[in-house]
Amino acid sequence: MYPINKVLPDEIDFLQKLSKQTFHEAFSSGNTEENMTRYLEEGFSLDKLSRELKDENTAFYFVKSENEVIGYMKLNEGRAQTELQKEDSFELERIYVLKDYQGKGIGRQLLDKAIQLAREKKASYIWLGVWEENKSAIQFYKKNGFIAFDEHYFMVGDDKQTDIMMKRTLNVEAEGS
Ligand SMILES: CC(C)(COP(=O)(O)OP(=O)(O)OC[C@H]1O[C@@H](n2cnc3c(N)ncnc32)[C@H](O)[C@@H]1OP(=O)(O)O)[C@@H](O)C(=O)NCCC(=O)NCCS
């Protein structure tokens, strides 16, 4: 088990560094350098991250291995959801594990924590948007009980990309747990 802890306001510099690094690792090969730079500057500015850290409907979590941060996730509820689905839905906006640590069950552990938090909030389902070209993440979500239900658009610089929206219902009886 890898410890998962809520990101504190004074960890913002590290959160910014990790956010940029993991986004770059995951998507630099599929995007122009210019669009990537623009997205990293705007999407992960200290201003934006600081607002998000203060938002009571948003939470970031770090996962660590031997005191080293190796991944993170960002969760939104209520009005903080990037697209308001329902008041009682719960968004997994980001989930990233550093490349060297992928495939070791850490993503699954983060996802389990997200589901546990969503259940505690009595959410009816957890949802996310994933780039249609990110086949491995789509496989990861499918394997973990998510199903596609819609599509939406997402800008990386001036490139309009399609996200597949996926969700997993949290109805306890339907899941048989
Ligand atoms: C997607 C991501 C979070 C998954 O985390 P991870 O730690 O690599 O995944 P895990 O090791 O926990 O895998 C959990 C399960 O999903 C499966 N899985 C993971 N990646 C998979 C893939 N590419 N294809 C098929 N199955 C996959 C694993 O086999 C495992 O199933 P098992 O326990 O039955 O063997 C991680 O790979 C990542 O950060 N990727 C880059 C960033 C990214 O794309 N984030 C999502 C943006 S929407």
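The following questions and answers concern a predicted model of a protein chain.

Me: How many helices and strands are there in the protein chain, and in which order do the elements run?
Reply: The protein chain holds six helices and seven strands. Read from the N terminus on, the order of its elements is β-α-α-α-β-β-β-α-β-α-β-β-α.

Me: What is the radius of gyration of the protein chain, and what does the globule rule give for 177 residues?
Reply: The C-alpha atoms fill a box of roughly 45 × 35 × 30 Å along the principal axes. For 177 residues the globule rule gives 16 Å, and the chain comes close to this, so it is as compact as a globular protein of that length. The radius of gyration of the protein chain is 16 Å.

Me: What percentage of the contacts between residues at least 6 apart in sequence join residues at least 24 apart?
Reply: Buried residues make up 46% of the 177 residues in the chain. Among contacts between residues at least 6 apart in sequence, the share that joins residues at least 24 apart is 60%.

Me: How far apart are the end C-alpha atoms of H1, and what span should its 16 residues have?
Reply: Helix H1 covers residues 12-27. At 1.5 Å a residue, its 16 residues should span 22 Å. The distance between its end C-alpha atoms agrees with this, being 22 Å.

Me: Which residues of H1 are buried?
Reply: An α-helix has 3.6 residues a turn, so residues three or four places apart point the same way. What covers the buried residues of H1 includes helices H2 and H3 together with strands E2, E3, E4 and E5. The buried residues themselves are Ile12, Leu15, Gln16, Leu18, Ser19, Thr22, Phe23 and Phe27.

Me: At roughly what angle do the axes of H1 and H3 cross, and which residues make the contact?
Reply: The axes of H1 and H3 (residues 46-54) come within 10 Å and cross at roughly 115°. This crossing is right-handed. The residues of the contact divide into five nonpolar, two polar and one charged. They are Ile12, Asp13, Leu15 and Gln16 from H1, and Leu46, Leu49, Ser50 and Leu53 from H3.

Me: Is Gln16 buried or exposed, and what is its relative accessible area?
Reply: Gln16 has its place in helix H1. Beyond its neighbours within four places in sequence, Gln16 is in contact with Phe44, Ser45, Leu46 and Leu49. A residue counts as buried under 20% relative accessible area. Gln16 is therefore buried, with a value of 17%.

Me: How far apart in space are Gly43 and Val156, C-alpha to C-alpha?
Reply: Gly43 lies in helix H2 and counts as buried, at 8% relative accessibility. Not counting residues up to four places away in sequence, Gly43 touches Lys48 and Arg94. Gly43 and Val156 are 113 residues apart in sequence, while their C-alpha atoms are separated in space by 9.4 Å.

Me: What is the phi of Glu66, and what is that of Asn67?
Reply: Most residues other than glycine have a negative phi. Glu66 and Asn67 are both placed in the loop between E2 and E3. Glu66 is exposed, with a relative accessible area of 79%, and Asn67 is exposed at 73%. Phi is positive in each although neither is a glycine: near 45° for Glu66 and about 70° for Asn67.

Me: What distance separates the C-alpha atoms of Ile95 and Leu110?
Reply: Ile95 lies in strand E4 and is buried, with a relative accessible area of 14%. Leaving aside neighbours within four places in sequence, its contacts are Tyr72, Met73, Gly107, Leu110, Leu111, Phe140 and Tyr141. Ile95 and Leu110 are 15 residues apart along the chain, and their C-alpha atoms are separated by 7.7 Å.

Me: Is Met166 buried or exposed, and what is its relative accessible area?
Reply: Met166 has its place in strand E7, residues 159-169. Not counting residues up to four places away in sequence, Met166 touches several residues, among them Ile126, Trp127, Leu128, Ile138, Phe146 and Phe149. The C-alpha atoms of Met166 and Pro3, 163 residues apart along the chain, are separated by 26 Å. Met166 is buried, with a relative accessible area of 1%.

Notes
Residues are numbered from 1 along each chain as its sequence is written. This is a predicted model: local features need pLDDT of at least 70, side-chain atom pairs count only at pLDDT 80 or more; totals for chains, interfaces and linings use all residues. Side-chain values use heavy atoms; hydrogens and water are left out. Axes are lines fitted to C-alpha atoms, for helices over the stretch in contact, and angles run from 0 to 180 degrees between N-to-C directions. Helices (H or I, at least four residues) and strands (E, at least two) are DSSP runs, numbered from the N terminus. A crossing is left-handed if the near helix is turned anticlockwise from the far one by less than a right angle, and right-handed if clockwise. Contact means heavy atoms within 4.5 Å. Ala, Val, Leu, Ile, Met, Phe, Trp, Tyr, Cys and Pro count as nonpolar, Asp, Glu, Lys and Arg as charged, and the others, Gly among them, as polar. The expected span of a helix is 1.5 Å times one less than its number of residues. Buried means under 20% relative accessible area, exposed over 50%, partly exposed in between (1.4 Å probe, protein chains only). The radius of gyration is taken over C-alpha atoms; the globule rule is 2.2 Å times the number of residues to the power 0.38.
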